[in-house]
Each structure stands twice: as structure tokens, then as C-alpha cells.
Amino acid sequence: MAKIKKTNVMRLLDKEHVRYTVKTYEYTEDDLSGIHAAAETGLNPEHVFKTLVGEGNKTGPVVFCIPVHKELDLKKAAHASGNKNVRLIHVKELPGLTGYLRGGCSPIGMKKAFPVYIDAAAGPLDTISISAGRRGMQVLLAPSDMINVTGATLADLITDNITMEKGRVR
């Protein structure tokens, strides 16, 4: 088995002595979704969290982590982050702001430390999966470790009215 090249996420977790597991999977540019990542790694979507980057009217950049099969409620996100409103940044802004590409964005190891909010659904879980900072790679770690490394806050962030349509959130 080939040795996995460490990402910044893994190096930072190593530096903090955080235990984690790496899962890799095949991806295509046509489907960079977290639902695809969960399916390819055999993980329950409830345990796989996607990273969304927004901009608050008061705080500036802010990061939200929610289960991949759910949708961010922008009003809840604004409230949790102390903003009147939050907009998600355009995918073209992501690399310049975070250092990550769409489909490989992680709350750990961004260019700058931004406020991080994790959906409360992570709280009771033993393990969650987040991007390892590279497309096709996830790290599994305890939610408490992610909170400690990122300084994150648990908050109610997801909308209550989600439907699944052909594997995609609508």
C-alpha cells in the first residue's frame, strides 16, 4: 500500500497530538459533494461534515461545518456567529481566502484562523469526518478534538426543511 502524503491538516493534527484516521476515495470534477465522499468511504452521512465558508456583515469570514446531507440555514448561521446576515462566498473566492479548493476545504489549516461553527449534531458523535485538505481525502477524528484545534463553537446551523433529490440536496 502506498504511503499517503500528509496534508497541512494532518501535519497540524500531528503537531497537536490529535488521533485521526485517513480515508481516501476516488472523486471526479463532476461530483465533489460530501454525499459522494460519504458513499465512497462507506461512512454514514450523519458523520461526514462539509465545510462552508461565509462572510458575516460584522465578523467578515466565518466557517461552518455541517453534515453533508444537510443544508446551512443562513439565519441560524448569522445568529450563531453574531452577525445580522451571512452570505456564502463564491467558489472562486475560496482558494484566495482559505488556501483550499472546492471539494477539499477543511476548517483546519486555512491561511488564516477564522471563527468556526460546527453543527450541534456533531456533539454526541464519537467520530466525525472532515476534509483532509485535499480532494479525495478525509480525516476522521473526535468532534472534541476538532473543537479544540479550531476553537470552534457548537451551534444549531442546519435548516429543518431538506429534501434529497437524486443524491443531491435541494
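The legends below describe close-up views of a predicted model.

Residues are numbered from 1 along each chain as its sequence is written. Local features need pLDDT of at least 70 and side-chain atom pairs count only at pLDDT 80 or more, while totals for chains, interfaces and linings use all residues; side-chain values use heavy atoms, with hydrogens and water left out.

View 1. Helices (H or I, at least four residues) and strands (E, at least two) are DSSP runs, numbered from the N terminus. Of the 170 residues in the chain, 45% are buried. Buried means under 20% relative accessible area, exposed over 50%, and partly exposed in between (1.4 Å probe, protein chains only). Among contacts with a separation of 6 or more, 62% join residues 24 or more positions apart; a contact means heavy atoms within 4.5 Å.

**View 2. Helix α1 spans residues 8–15 and has the buried residues V9, M10 and L13.** These residues lie on the same side of α1, because they cover an arc of only 95° around the axis. The arc is that of the directions from the helix axis to the C-beta atoms. Their cover includes β1 (21–24), β6 (128–131), β7 (137–141) and α5 (143–150). Just after α1, H17 has a positive phi of about 60°.

**View 3. I4 lies in the segment before α1.** I4 counts as partly exposed because its relative accessibility is 36%. Leaving aside neighbours within four places in sequence, I4 is in contact with M10, V22, T24 and M137. From C-alpha to C-alpha, I4 and V22 are 8.7 Å apart in space, and they are 18 residues apart in sequence.

**View 4. The largest nonpolar core has 28 residues.** A nonpolar core is a set of buried Ala, Val, Leu, Ile, Met, Phe, Trp, Tyr and Cys residues joined through side-chain atoms within 4.5 Å. The residues with the most contacts inside this core are L13, F49, I118, I130, V139, L141 and M146. Two or more residues come from each of α1, β2 (49–56), β3 (60–67), β5 (116–119), β6 and β7. Not counting residues up to four places away in sequence, L13 touches V18, Y20, I108, V139, L141 and V149. A second, separate core of 12 residues includes V62, I66, A78 and L157.

**View 5. Five strands form an open sheet in the order β4-β2-β3-β5-β8, with mixed pairing.** Two strands pair if DSSP finds at least two bridges between them. The edge strands are β4 (86–88) and β8 (153–155); each has a single partner strand, so one side of each is left without a neighbour in the sheet. Strands β2 and β4 run antiparallel and are joined by three bridges, and G56 stands opposite V86 in β4.

**View 6. Strands β6 and β7 form a hairpin with five residues between them.** The two strands pair in the antiparallel sense over four bridges. I128 has L141 in β7 as its bridge partner. In the turn, G133 has a positive phi of about 95°.

**View 7. S129 sits in strand β6.** S129 counts as buried because its relative accessibility is 1%. Its side chain makes a polar contact with the side chain of Q138 (2.6 Å). A polar contact is a pair of N or O atoms within 3.5 Å; within protein, one must be able to donate a hydrogen and the other to accept it, and residues adjacent in sequence count only if both atoms are side-chain atoms. Leaving aside neighbours within four places in sequence, S129 is in contact with L43, H47, V48, F49, Q138, V139 and L140.
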